[in-house]
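Please work through the following exercises with the sequence and the model open beside you.

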Amino acid sequence: MPAMPPGPFALNILADVADVNLRTAAVSAGWDQSSPLLVKISSGVTVYSTSTGTYALTINGSFPSGVTLVNWGNIVGKGGQGGNGGTSSLGNPPVATNGTAGSAGGPALTVSSAVLIDNTSGVIGGGGGGGGGGAGQGSYVDWGGGGNNAYSAAGGGGGGGGSGVGSGGSRGNSATLGGQTGGTATQGTNGGVGTYTSGGTGGTQGSASVTTNGVINSGYTSANGGAGGAGGALGTAGSSGSNTTTTAPDRDGDTGGSGGAAGACLVGNSNITWIAFGTRAGTIT
């Protein structure tokens, strides 16, 4: 009587893990490198990347009797970092800076070996792009000459990090200086960190105002920065940071940074036989 063919070797991924090479992980778990391989990612578990330059999951090399991946969890690329908020110099004239751009998210999955994938209840998504930083704004007034000057500088909020645990951008500082008799500077906030599956919130804008003899001079000595853009969801670009508006003399305002591009969902689709697509976010090539 002929021998029965071996059953599949089961590799169960039960906890969050980063930068996985499927073949390497299976060999480490005891796979004999010849029997069929069945890989299951449990519900609520995330396979993620620690860098936008690397994949969360790589499927390559030899699988002589075939490999099947059942994903009930998440396979996500690294989120892009949010841009930094702009700020402004205190002087005449004030010189504001732009918010910086958010960075691009990273890819989730690369496949160069034949594989069956059942993604019925799973998510595969490229990292979201980082949100752009908000713009800075500065203001200056000289009332009556003689060096009676007042300055204010407001920072923009930091951009939110992209989904895939992208880092938030830093806020720009707000400040007041000069011959003012009083003034307030409200700092904006840093951008929020993205989670595995959602983008971080954009930071709030900073503001600053100075007074002369207890009166704000026609608004010239008030400044408001721009809010930071939100980080992108999986497979989605980040939002741009907000611009400032300059309507009074002796002000300088600039533009918010652009949002970062989204990471790819997967590369190597021609090597995959799909049992079920499930949720896929980002480009597929």
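**Exercise 1.** In which loop is the place of glycine 126? Describe the surroundings of this residue as well.

*Solution.* The coordinates to be inspected belong to a predicted model.
- Step 1: glycine 126 has its place in the loop that runs between strand S11 (123–125) and strand S12 (137–142).
- Step 2: the relative accessible area of glycine 126 is 0%, and because buried means under 20%, this residue counts as buried.
- Step 3: when neighbours within four places in sequence are left aside, the contacts of glycine 126 include Gly77, Gly106, Ala108, Leu234 and Gly235, and Gly263, Ala264, Cys265 and Ala281 are also in contact with glycine 126.
- Step 4: the C-alpha atoms of glycine 126 and threonine 236 are separated by 8.0 Å, although the two residues are 110 residues apart along the chain.

**Exercise 2.** Which members of the largest nonpolar core touch the most other members, and which elements give two or more residues to this core?

*Solution.* 
- Step 1: the largest nonpolar core has 28 residues, of which Leu37, Val47, Leu57, Ile59, Leu69, Ile75 and Leu109 touch the most other members.
- Step 2: the elements that give two or more residues to this core are helix H1 (22–28) together with the strands S1 (9–13), S4 (37–41), S6 (57–59), S7 (67–71), S9 (109–111), S10 (115–118) and S20 (272–276).
- Step 3: S4 provides the largest share of this core, namely three residues.
- Step 4: for leucine 109, leaving aside neighbours within four places in sequence, the contacts are Tyr55, Leu57, Ile59, Ile117, Ile124, Cys265, Leu266 and Val267.
- As background, nonpolar side chains in soluble globular proteins tend to be buried together.

**Exercise 3.** Where is the place of valine 70, and which residues does valine 70 touch?

*Solution.* 
- Step 1: valine 70 has its place in strand S7.
- Step 2: with a relative accessible area of 12%, valine 70 is buried.
- Step 3: not counting residues up to four places away in sequence, valine 70 touches Leu38, Val39, Lys40, Ile41 and Asp118.
- Step 4: alanine 276 is 206 residues from valine 70 along the chain, yet their C-alpha atoms are separated by 9.5 Å.

**Exercise 4.** How many aromatic pairs does the structure hold? Describe two of them.

*Solution.* 
- Step 1: the structure holds three aromatic pairs.
- Step 2: tryptophan 31 and phenylalanine 63 form a stacked pair, 5.6 Å centre to centre and with 25° between the planes.
- Step 3: this pair links distant parts of the chain, since tryptophan 31 is in the loop between H1 and S4, phenylalanine 63 is in the loop between S6 and S7, and the two are 32 residues apart.
- Step 4: tryptophan 31 is buried at a relative accessible area of 3%, and phenylalanine 63 is buried at 11%.
- Step 5: tryptophan 274 and phenylalanine 277 form a tilted pair, 5.6 Å centre to centre and with 55° between the planes.
- Step 6: tryptophan 274 counts as buried at 17% relative accessibility, whereas phenylalanine 277 is partly exposed at 45%.
- Step 7: arginine 280 lies over the face of tryptophan 274, at 4.8 Å from the ring centre.

**Exercise 5.** In what order do the four strands of the open sheet lie, and is their pairing parallel or antiparallel?

*Solution.* 
- Step 1: the order of the four strands is S3-S6-S9-S19, and the pairing is parallel.
- Step 2: strand S3 (20–21) and strand S19 (266–267) stand at the edges, each with a single partner strand, so one side of each is left without a neighbour in the sheet.
- Step 3: S9 and S19 run parallel and are joined by two bridges, and the bridge partner of threonine 110 in S19 is valine 267.

How values were computed. Residues numbered from 1 in each chain as written. Predicted model: local features only at pLDDT ≥ 70, side-chain atom pairs only at ≥ 80, totals over all residues. Heavy atoms only, no water. Core = buried A, V, L, I, M, F, W, Y, C linked by side-chain atoms within 4.5 Å. Buried < 20%, exposed > 50% of the residue type's maximum accessible area, 1.4 Å probe, protein only. Contact = heavy atoms within 4.5 Å. Phe/Tyr/Trp six-rings, centres within 6.5 Å; stacked < 30°, edge-to-face > 60°. Lys NZ or Arg CZ within 6 Å of the ring centre and 35° of its normal. Pairing = 2+ DSSP bridges.
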